[in-house]
Amino acid sequence: QVQLVESGGGFVQAGGSLSLSCAASGRAFSTYVMGWFRQAPGKEREFVAQIARSGALRSYADSVKGRFTISRDNAKNTVSLQMNSLKPEDTAIYYCAASLGTWTTRQYDYWGQGTQVTVSS
């Protein structure tokens, strides 16, 4: 089992940047595919990005491609999401998640509590 704690959310104007971080504790961090998801008010939770166990592969939702970058540090048990050129439609609660599954299934086993990101126009 792994415990996940996000940090770094906040309030930013459109066009600005924020960096989210997720600290993991518990079972060996490098055994998990790590991902970021978000949920906006009144909407379903949606995939944002994921990174492979070694960090060699990354995948992004089309809506954030070219603006967001996911990275991980297996020595520090952290995964980060650098968000640039933020738009009001990026406003959501952002969740860190860990998966023991395959790269393509995007089925996640453990979730953090979430961190709020608000982008003003």
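Visitor: What is the strand order in the open sheet of four strands?
Guide: First, a caution: this is a predicted model. The order is β1-β3-β8-β7, and the pairing is antiparallel.

Visitor: Which strands sit at the edges?
Guide: β1 (2-7) and β7 (68-73). Each of them pairs on one side only.

Visitor: How much twist, on average, from one strand to the next?
Guide: The average is 15°.

Visitor: Now inside the sheet. How many bridges join β3 to β8?
Guide: Six. β3 covers residues 18-26 and β8 covers residues 78-83, and the two run antiparallel.

Visitor: Which side chain of opposite charge is nearest to R72?
Guide: D73, at 8.2 Å. A salt bridge needs a side-chain nitrogen within 4 Å of a carboxyl oxygen. R72 has no salt bridge, yet it is buried.

Visitor: So what polar partners does the R72 side chain have?
Guide: Its side chain reaches the backbone oxygen of Y32 at 2.9 Å. The R72 side chain also makes a polar contact with the side chain of N74, at 2.8 Å.

Visitor: And what else does R72 touch, beyond four places away in sequence?
Guide: Quite a list. Among them are F29, S30, V33, M34, I51 and A52. R53, G55, T78 and V79 are also included, and Y32 turns up here again.

Visitor: Another arginine, then. Where is R67 found?
Guide: R67 is in the loop between β6 (58-60) and β7.

Visitor: Is R67 buried or exposed?
Guide: Buried. The cut-off for buried is under 20% relative accessible area. R67 has 10%, so it counts as buried.

Visitor: What is R67 in contact with, leaving aside neighbours within four places?
Guide: Q82, M83, N84, S85, L86, K87 and D90.

Visitor: Change of topic. Where do I find Q113?
Guide: In the loop between β10 (110-111) and β11 (115-120).

Visitor: Why does Q113 count as partly exposed?
Guide: Because its relative accessibility is 48%. Partly exposed is the class between buried, under 20%, and exposed, over 50%.

Visitor: What does Q113 contact outside its sequence neighbours?
Guide: L4, V5, E6 and Y95, leaving aside neighbours within four places.

Visitor: And how far is Q113 from S7?
Guide: Their C-alpha atoms are separated by 9.9 Å. Along the chain, Q113 and S7 are 106 residues apart.

Terms used
Residues are numbered from 1 along each chain as its sequence is written. This is a predicted model: local features need pLDDT of at least 70, side-chain atom pairs count only at pLDDT 80 or more; totals for chains, interfaces and linings use all residues. Side-chain values use heavy atoms; hydrogens and water are left out. Buried means under 20% relative accessible area, exposed over 50%, partly exposed in between (1.4 Å probe, protein chains only). Contact means heavy atoms within 4.5 Å. Two strands pair if DSSP finds at least two bridges between them. Axes are lines fitted to C-alpha atoms, for helices over the stretch in contact, and angles run from 0 to 180 degrees between N-to-C directions. Lys and Arg count as positive and Asp and Glu as negative; His and the chain ends are not counted. A polar contact is a pair of N or O atoms within 3.5 Å; within protein, one must be able to donate a hydrogen and the other to accept it, and residues adjacent in sequence count only if both atoms are side-chain atoms.
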